[in-house]
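I opened this notebook to record what I looked up in one protein structure. The entries follow the order in which I checked each topic.

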Amino acid sequence: MATTLAMIYPDIFAAVGVHSGLLHGVVKSFPDALGVMQGGTGPLAGGNKAKGAGWASDVPAIMFHGDRDTTVLPRNADRVAAQYSTSRQ
């Protein structure tokens, strides 16, 4: 939710902290979300497609993610970070 708020309301939020989150705008259903969390199915299967998600933000962000998280795989933190950094490239 933190990423969603930062993407939709960048004029309101000065910064955002994301904990075990997913990219904004890539899932449309609960099964899609589960697939993305596990990193094997859904809209992001096969790679980091943050740019293709169509969202980017200049809001400063910090990601927190446990390297032993078995529900939301840690590679999702890299994907979220890429969605923020794409707007600065």
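**Entry 1: the chain as a whole.** I began with burial and found that buried residues make up 35% of the 89 residues in the protein chain. I note that the model is a predicted one. I then listed the secondary structure: the protein chain has three helices and two strands, and along the sequence they follow the pattern α-β-α-β-α. I also looked up the contacts with a separation of 6 or more, and 71% of them are between residues 24 or more positions apart.

**Entry 2: the strands.** I looked at how the two strands are arranged. Strand β1 covers residues 16-19, and strand β2 covers residues 61-64. They pair in the parallel sense over four bridges, and V16 stands opposite A61 in β2. I then asked which residues of β1 form its covered face. They are V16 and V18, whereas G17 and H19 form the uncovered face. I recalled a general rule here: in a regular strand, side chains alternate between the two faces of the sheet.

**Entry 3: residue T3.** I located T3 in helix α1, which spans residues 2-8. Is T3 buried or exposed? T3 counts as buried because its relative accessible area is 3%, and the cut-off for buried is under 20%. Leaving aside neighbours within four places in sequence, I found T3 in contact with V16, V18, L22, H24, V80, Q83 and Y84.

**Entry 4: helix α3 and the cores.** Helix α3 runs over residues 75-85, and its buried residues are N76, A77, R79, V80, A82, Q83 and Y84. These buried residues pack against α1, β1, α2 (30-38) and β2. I next looked up the largest nonpolar core, which has seven residues: A6, M7, V16, V18, V59, V80 and Y84. The elements that give two or more residues to this core are α1, β1 and α3. Another core, of five residues, lies apart from it and includes L22, V36, M37 and V72.

**Entry 5: the largest pocket.** I recorded about 180 Å³ of space in the largest pocket. Its lining has 13 residues, and M1, T3, T4, G21 and L22 lie nearest its centre. The elements that give two or more residues to this lining are α1 and β1. I finally asked how the residues of the lining divide by type. The lining has six nonpolar residues, seven polar ones and no charged ones.

Technical notes:
Residues numbered from 1 in each chain as written. Predicted model: local features only at pLDDT ≥ 70, side-chain atom pairs only at ≥ 80, totals over all residues. Heavy atoms only, no water. Buried < 20%, exposed > 50% of the residue type's maximum accessible area, 1.4 Å probe, protein only. Pairing = 2+ DSSP bridges. Contact = heavy atoms within 4.5 Å. 1 Å grid on protein atoms, 1.4 Å probe; cavity = no way out; pocket = protein on both sides within 12 Å on 5 of 7 lines; lining within 4 Å. Points joined across faces, edges and corners; volume = space filled by probe spheres on them. Nonpolar A, V, L, I, M, F, W, Y, C, P; charged D, E, K, R; others polar. Core = buried A, V, L, I, M, F, W, Y, C linked by side-chain atoms within 4.5 Å.
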